[in-house]
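Work through these exercises with the sequence and the model side by side. Try each task before you read its solution.

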Amino acid sequence: MLKLKFIVPLLIVISAAVWWLMPHYSDEDKGYYIAMFCTLTHDGRGNAPQDMQQIIEGSNSDYALQKVHFQQALAEHLQTVWQDLSPQQQQQARQERLSCRRLMSEKLLPGQPVQ
């Protein structure tokens, strides 16, 4: 019985810590990264996380009060979603930006309309 009194609170604390440390991205951030990813893909430029980082951090003005910080894990997650698409879907996404945004949004923003 003593073990149960000790193990249950310990599991609750560990679960809360794992949830707290897990990355949480807003839908706005996801939409921004999807739009950038699809623009880079459609234009034939590299869509690697490093390419996205150059654009995001390069667009910060020196005088900006709030600078946008690059989220490496979200960019890598986008890359993983892209790799999970079939070759036909990737080809379609390269040809049409809206199709790219729709395909990526289905995975990252389910149930939300794509504009």
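**Exercise 1. The annotated segment**

Over residues 6–22, what percentage of the chain is helix, what percentage is strand, and how far apart are the end C-alpha atoms?

Solution. Keep in mind that this is a predicted model. Start with the record: an unreviewed UniProt entry places the feature "transmembrane region" at residues 6–22. Next, take the secondary structure. The chain over residues 6–22 is 94% helix and 0% strand. Last, take the span: the end C-alpha atoms of residues 6–22 are 25 Å apart.

**Exercise 2. The disulfide**

Find which cysteines a disulfide joins, and work out its handedness.

Solution. 
- Step one: count. The cut-off is a pair of cysteine sulfur atoms within 2.5 Å. By that rule there is 1 disulfide.
- Step two: name the partners. Cys38 is joined to Cys100, with S to S at 2.1 Å.
- Cys38 is in helix H2 and Cys100 in helix H6, 62 residues apart, and the pair links distant parts of the chain.
- Step four: check the torsion. About the S-S bond of Cys38 and Cys100 it is about -80°, so the disulfide is left-handed.
- Step five: check accessibility. Cys38 and Cys100 are both buried.

**Exercise 3. Aromatic pairs**

Determine how many aromatic pairs the whole structure holds, and classify the geometry of Phe37 and Trp82.

Solution. A search of the whole structure gives 3 aromatic pairs. Now take Phe37 and Trp82. Their ring centres are 5.5 Å apart, with 65° between the planes. Planes over 60 degrees apart count as edge-to-face, and this pair is edge-to-face. Phe37 sits in helix H2 (residues 27–42) and Trp82 in helix H4 (residues 72–84), so the pair ties together parts that are 45 residues apart in sequence. Both Phe37 and Trp82 are buried. Elsewhere, Tyr32, Tyr33 and Phe70 make up one aromatic cluster.

**Exercise 4. H3 and H6**

Repeat the analysis for H3 and H6.

Solution. Begin with H3. Its buried residues are Pro49, Met52 and Ile56. They span an arc of only 60° around the axis, which puts them on the same side of H3. On the face turned away are the exposed residues Gln50, Gln54 and Gly58. The cover over the buried residues of H3 includes H2 and H4.

Now H6. Its 12 residues should span 16 Å at 1.5 Å a residue, and its end C-alpha atoms are 16 Å apart, which agrees. Buried in H6 are Ser99, Cys100, Leu103, Met104, Ser105 and Leu108. These pack against H2, H4 and H5.

**Exercise 5. Three single residues**

Are Asn47, Gln90 and Leu98 buried or partly exposed?

Solution. The cut-off for buried is under 20% relative accessible area.
- Asn47 lies in the loop between H2 and H3. At 15% relative accessibility, Asn47 counts as buried. Beyond neighbours within four places in sequence, Asn47 contacts Phe37, Leu40, Thr41, Met52, Gln79 and Trp82.
- Gln90 belongs to helix H5. Its relative accessible area is 13%, and Gln90 is buried. Setting aside residues up to four places away in sequence, Gln90 touches Trp82, Gln83 and Leu85.
- Leu98 is in helix H6. At 39% relative accessibility, Leu98 counts as partly exposed.

Definitions and conventions:
Residues are numbered from 1 along each chain as its sequence is written. This is a predicted model: local features need pLDDT of at least 70, side-chain atom pairs count only at pLDDT 80 or more; totals for chains, interfaces and linings use all residues. Side-chain values use heavy atoms; hydrogens and water are left out. Rings of Phe, Tyr and Trp (its six-membered ring) pair if their centres lie within 6.5 Å; planes under 30 degrees apart count as stacked, over 60 as edge-to-face and the rest as tilted. Helices (H or I, at least four residues) and strands (E, at least two) are DSSP runs, numbered from the N terminus. Buried means under 20% relative accessible area, exposed over 50%, partly exposed in between (1.4 Å probe, protein chains only). UniProt positions are given in the numbering used here, feature names are shortened, and annotations may be inferred rather than shown by experiment. Contact means heavy atoms within 4.5 Å. The expected span of a helix is 1.5 Å times one less than its number of residues. The arc is that of the directions from the helix axis to the C-beta atoms.
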